[in-house]
Amino acid sequence: MKRGFPRDVLDSVGKIIDEVAGGGLSAALEYSKRLDGIAPENYLITPRPGGDVEVVSAALTAAESLRRFYEKMTPPSATDYYGGVLRTALWKPVRSVGLYVPARYISTLVMLAIPAKIAGVDEIYVVTPPRGVTDELLAVARELGVKAVLAIGGPHGLAYAVHHMGVDMLAGPGGLYVQAAKYLLSQHVGIDGIEGPTELVVYAESVAPDTAARGALAQLEHGPTSFAYVLSPDPQLLRGVEEIYRRERTSSMGSLETRTVSGVEEAVDLIERIAPEHLEVWGRREVAYRVKNVGAVSVNMPSPYLDYVAGISHVLPTGGSARWRGIVTPLIFMKAVGIAEAVGELALLEAARKLAEYEGFPLHRRALL
């Protein structure tokens, strides 16, 4: 599903960014007071122990699950000798990142900090609204190697992190205004992508309607702009899902649509066109392995299990961007640096000269004598 930012949102966020870029901390705190109701005196907080031990332990359990899997994703360097040149590509981490964590979303801190840490990022900062700075978040941040927590959320917090803390990259989910800020600030720093409203497609076969509906209801809990599709070759199952949705729906939930499909082929085709961030597959696991345009897939388990502890990041591509990008991994926080070293006779000089002549660069040609 393709989406864009409304012009009034971009204009509003652009004004905030410009004012914080020019006005620094005082401007960021003024926006914090205006938009969040508080201008924190201690705006940059060093992580520390504390909080509910069970909550912190649960978050660190999720962190260990993610770490075990994501440590396998760090890319190897590549080396090759050809035409007198030793060619090397070295993977280097981004120096510093600002991780946007919506208020109280400790699980999101885990999903972002673990791949950043595995990538080797030197300075990891958390950007979160003042009410998000809980003892539990600070304790988890300490265990995950976060340098400091910026208690200023929204576009103003991100603008401060970029223009006055000097982070090289921003990553993380958030509402419309947060994502618009990432979009505009991507002129200055890297971003992981634009994370919009929550999306889920469920493919269900040979399971109870309640099983097919549970994950959908959970994802729709993210707000009225979230949406879910439930696909099945079984019309009776879909009618049961519709009844559950009508019974459970609240005004703050997103929309759910059911669709009868003839089977796996039609389901896969539809999922590819939707390109959702989440996919749940019940009863026909081959669907999971055939779909290309998807962020993360839960097979025979509800998507919230993946979101919290299954060991795959829940920071996922939305708005159809699963067509060209995937889950957050250490690679998001890394870049390939190429090195070419002459270690013998340069056997390809004549080809280089010919290309320089053809493209009309005489000084390039002269450098290749």
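Start with the largest nonpolar core, which has 40 residues. By nonpolar core I mean a set of buried Ala, Val, Leu, Ile, Met, Phe, Trp, Tyr and Cys residues joined through side-chain atoms within 4.5 Å. Buried is under 20% relative accessible area, exposed is over 50%, and partly exposed is in between, with a 1.4 Å probe and protein chains only. The residues with the most contacts inside this core are Val 97, Leu 109, Val 110 and Phe 333. Two or more residues come from each of α2, β4, α3, β5 (123–127), α4 and β7 (169–171). Helix α3 gives the most, with 10 residues. In general, nonpolar side chains in soluble globular proteins tend to be buried together.

A word on the source. This is a predicted model, where local features need pLDDT of at least 70 and side-chain atom pairs count only at pLDDT 80 or more, while totals for chains, interfaces and linings use all residues. Residues are numbered from 1 along each chain as its sequence is written, and side-chain values use heavy atoms, leaving out hydrogens and water. Helices (H or I, at least four residues) and strands (E, at least two) are DSSP runs, numbered from the N terminus.

Next, helix α4, residues 135–143. Which of its residues are buried? Glu 136, Leu 137, Leu 138, Ala 139, Val 140 and Ala 141. They pack against β1 (44–45), α2 (53–70), α3 and β6 (148–150). Contact here means heavy atoms within 4.5 Å. After α4 comes Gly 145, with a positive phi near 85°.

Most residues other than glycine have a negative phi. Arg 104 has a positive one, near 75°. Arg 104 sits in the loop between β4 (96–100) and α3 (106–119). Ala 275 also has a positive phi, of about 50°. Its loop runs between α9 (264–274) and β12 (278–282). Buried or exposed, these two? Arg 104 is exposed, at 59% relative accessible area. Ala 275 is buried, at 0% relative accessibility.

Last, Ser 298, in strand β13, residues 296–299. Ser 298 counts as buried because its relative accessibility is 1%. What does Ser 298 touch, leaving aside residues up to four places away in sequence? Leu 279, Glu 280, Val 281, Ser 303 and Leu 306.
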